[in-house]
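This report describes a protein model for a reader who is new to structural analysis. Please keep the sequence and the structure in view while reading.

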Amino acid sequence: MITTETKTKLNPNQPRRETVPYWEKFEQFEKIAKDPEWVRVARKAGISHFVELGFPTLKDEDWRFTNVAPIAKLPFKPVLEPTRDGVTAEALEHFMFAGLAGSKLVFVDGHFAPELSSTVNLPEGVKVKSLAEAIAKGPAQVEPHLFHHARSDASAFTALNTAFFKDGAFIYVPAGQIVPEPIQLLYVSTAKEDGTTAHLRNLIVAERDSQVTIVESYVSLSDAAYLTNSVTELVAGDNAVVEHLKLQDESQQAFHITTLAAHFGRASNVLTHSIALGAKLSRTNIHAHLAGEGLECILNGLYLTRGEQLADHYMVVDHAQAHCDSHEYFNGILADKSKSVFHGRILVRPDAQKTDAKQTNKNLLLSDNATANTKPQLEIYADDVKCTHGATVGQLNEEAIFYLRSRCIGLETARRMLIHSFAGEIIDRVRCQPVREELDKLVWDRLEQDEQKTTGNK
Amino acid sequence: MTQPILTIKNLSAGVEGREILKGINLTIRPGEVHAVMGPNGSGKSTLASILAGRDGYHITGGEVVYCGQDLLELEAEDRAREGVFLAFQYPVEIPGVNSTYFLKAAYNEIRKHRGQPEFDAVEFLKFVRERMKILEVPEDFLKRPVNHGFSGGEKKRNEIFQMAVLDPKLAILDETDSGLDIDALQIVATGVNRLKRPDNAQLVITHYQRLLNFIVPDYVHVLVDGRIVRTGGKELALELEENGYESIVHGGAVPA
Ligand SMILES: Nc1ncnc2c1ncn2[C@@H]1O[C@H](COP(=O)(O)OP(=O)(O)OP(=O)(O)O)[C@@H](O)[C@H]1O
Ligand SMILES: [Mg+2]
């Protein structure tokens, strides 16, 4: 699993042509980066893997429906220096979850902005800080985890992230500690040029018996065709209770690729949410490694797409131990000519007896021109397991609309109620109440905008 | 004579390439209870659906006048706001839509339609609790999504509970008795009777005479193959129970 030690042979004489600028950028970057050796090694491995792999194409089975050629064609402009002139707390206020009073870390174009960040009420030993700082000052809690869960050798984007990341959040919760307030991480892009790329790297470690809630929001103050390429490694120790939410609300021109590489310990309870609202093209990879017995995890997600947006979720749930439950619930609401992809792979290894794995992906098409691709993939090597999957792609239920109309509710209101309830099935699973309520409002507002647009076009 | 609540004249209707109703005539006046009986597939639910405004049926002839206006011209929601209520033979589950939210939205539409101020959450809850007593509906019904996970009998009871909230002028009950146990049947029938007033009317579709012991009809109509082949008083239901539809179809009786 650990790829950083094995130095893959690099053949810089024959890199894929498209990766040459990346390689050149890396050589410049390496000169200015002041990393400890173990990070340097990982970065080198990252760029080698990237050069070897190149960008995925439609021929790649895992990227059949998602064409990243537009990303490959962009000029590559990683943001190597902080650029946050002009970004004020006021400008970011409406991106924040107002109901959260806990710690907040803000990153602008991939760089930590300490003056916009604050930490409050952290219990003994809990760390909420910049990863770059943690690497520089206290690698003891970082080194055992960083790069161990997100694999550079299997993904060009993770490889690129590993090579170029500047910063991200480091959250460490020692054994038995409970962080009472959710931690908010805000990633804002101010990109002025196409191809501007922020590589964010986050590491979240919740040691055994600890509890923590983390909200990652990706937002934008930019109109450019920029790229966010982020990787979050999440480790939930034995008995840990973790809720993690990613809200992707990038600009309509943006490209957004993230990987959540997660490792769950015995009897842990993890709830993750992926809410995709923005970006021209977004891809969310979630790799959950169920590494201890008797744990329970829920991977929950909602995507709303309109215009020509594409939202892709690629899930791998890896049952390595017995008596684990995993539930995936993903709903999508697609308007206009937009597209979605859901790829849900469930792997049940020979030791994972008594696995209970469920997966549902439901897609609501609000237009005849929208397309939802859904692909379950079950690989089961144990015999005493329960695995179910179900996928639907359809329009609003006509019977339900008639039922509501027969109860005095007008056609438009009936449609809205049903669309809202479809999103609500997912939002209702957010445990953290202020986040759930604000998210509900945000999603509701977006859906209303869409509805007004559709009815306006009639 | 008072104006009828509903007048159906020579109504023919069907779906693409198939006629289902073949000339229905029916007049319902205030204070009356009409029962419609008939074999499976004879068109009872089709009639109910067309009255409630379901899309997808072609009206090939005739007319329907409701309280002096052309019913077929109105959208389904406008019919409901004007007081037409259909208790579905197969109530629809709507996961994700909370029952209280749904009922309040429905009820407030009626209030708006009548020019009354809308009820806020507190006023509505007070009002709805009262209505719940009529049908002995458990509190739990309000908290769950509409019909979601309800048993067959619970769904039927929920339909009549909605009727109690919306207080229609013309209630059409499509086989509300099927799926109800004996006790529930009594509760539902008692509820329906309590909602009966001199200025409203009920059209009750059923297969069983049993229901009509509780909800006593003024008229019983027998619908066979899209036509009302016979109309009589409540004793007609007993006759059907004993002899089945065959005798009537072949007895050559003519509608009244
Ligand atoms: N939308 C439709 N498309 C095709 N056929 C239909 C449609 N609606 C009704 N029918 C047909 O019309 C006929 C009458 O159906 P309807 O549901 O009205 O019968 P019913 O009298 O209510 O029967 P039951 O006692 O079984 O409820 C049936 O043969 C049915 O299959
Ligand atoms: Mg029927």
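## The sheet of chain A

Two strands are said to pair if DSSP finds at least two bridges between them. Strands of a sheet pair through backbone hydrogen bonds, either parallel or antiparallel. In this predicted model, chain A holds an open sheet of 10 strands with mixed pairing, in the order β3-β2-β6-β8-β10-β12-β14-β16-β18-β20. At its edges lie β3 (111-112) and β20 (386-394) of chain A, each of which pairs on one side only.

Within chain A, strands β12 (residues 269-276) and β14 (residues 296-305) run parallel and are joined by eight bridges. A:A276 stands opposite A:Y303, which belongs to β14(A).

Strand β3 (residues 33-37) of chain B runs parallel to strand β11 (residues 219-224) of chain B, and four bridges join the two. In this pairing B:H34 stands opposite B:Y219 of β11(B).

## Antiparallel strands in chain B

Which strand of chain B pairs with strand β1 (residues 6-15) in the antiparallel sense? The partner is strand β4 (residues 58-66) of chain B, and the pairing extends over seven bridges. Here B:K9 stands opposite B:E63 in β4(B).

β4(B) also pairs in the antiparallel sense with strand β5 (residues 69-70) of chain B, over two bridges. B:Y66 stands opposite B:Q69 in β5(B). β4(B) and β5(B) form a hairpin with two residues between them. In the turn, B:C67 has a positive phi of about 45°.

## Where the chains meet

The interface involves 31 residues of chain B, which are in contact with 15 residues of chain A. The area buried between the two chains is about 2000 Å², and carbon and sulfur atoms give 64% of this area. Between chain B and chain A, 11 residue pairs are in polar contact, with both residues at pLDDT 80 or more. The interface of chain B and chain A also has five salt bridges. The side chains of B:D55 and A:R405 meet in a salt bridge, with an N to O distance of 3.9 Å.

Several elements of chain B each supply at least two residues of the side that touches chain A: α1, α2 (76-81), β6, β7 (94-98), α3 (99-113) and α6. The largest share of this side, six residues, comes from α3(B).

## Salt bridges in the whole structure

How many salt bridges does a search of the whole structure find over all chains? The search finds 39. The side chains of A:K375 and A:E61 form a salt bridge at 2.7 Å, N to O. This pair links distant parts of the chain, as its residues are 314 residues apart. A:K375 lies in strand β19 (residues 371-380) of chain A, whereas A:E61 lies in the loop between α2 (37-53) and α3 (69-73) of chain A.

## Confidence in the model

The model scores ipTM 0.95 and pTM 0.85. Chain A averages a pLDDT of 93, and 94% of its residues score at least 70. Over residues 1-13 of chain A, however, pLDDT stays under 50, and the model has 15 contacts beyond four places in sequence for these residues.

For chain B the mean pLDDT is 93, and 96% of the residues reach 70 or more. Residues 252-256 of chain B have a pLDDT below 50, and this stretch has eight contacts beyond near neighbours in sequence.

Terms used: Residues are numbered from 1 along each chain as its sequence is written. Chains are lettered from A and ligands numbered from 1 in the order in which they are written. Side-chain values use heavy atoms; hydrogens and water are left out. pLDDT is the predictor's confidence in each residue, from 0 to 100. Contact means heavy atoms within 4.5 Å. Buried area is the accessible area (1.4 Å probe) that two parts lose on being put together, summed over both. A salt bridge is a side-chain nitrogen of Lys or Arg within 4 Å of a carboxyl oxygen of Asp or Glu. A polar contact is a pair of N or O atoms within 3.5 Å; within protein, one must be able to donate a hydrogen and the other to accept it, and residues adjacent in sequence count only if both atoms are side-chain atoms.
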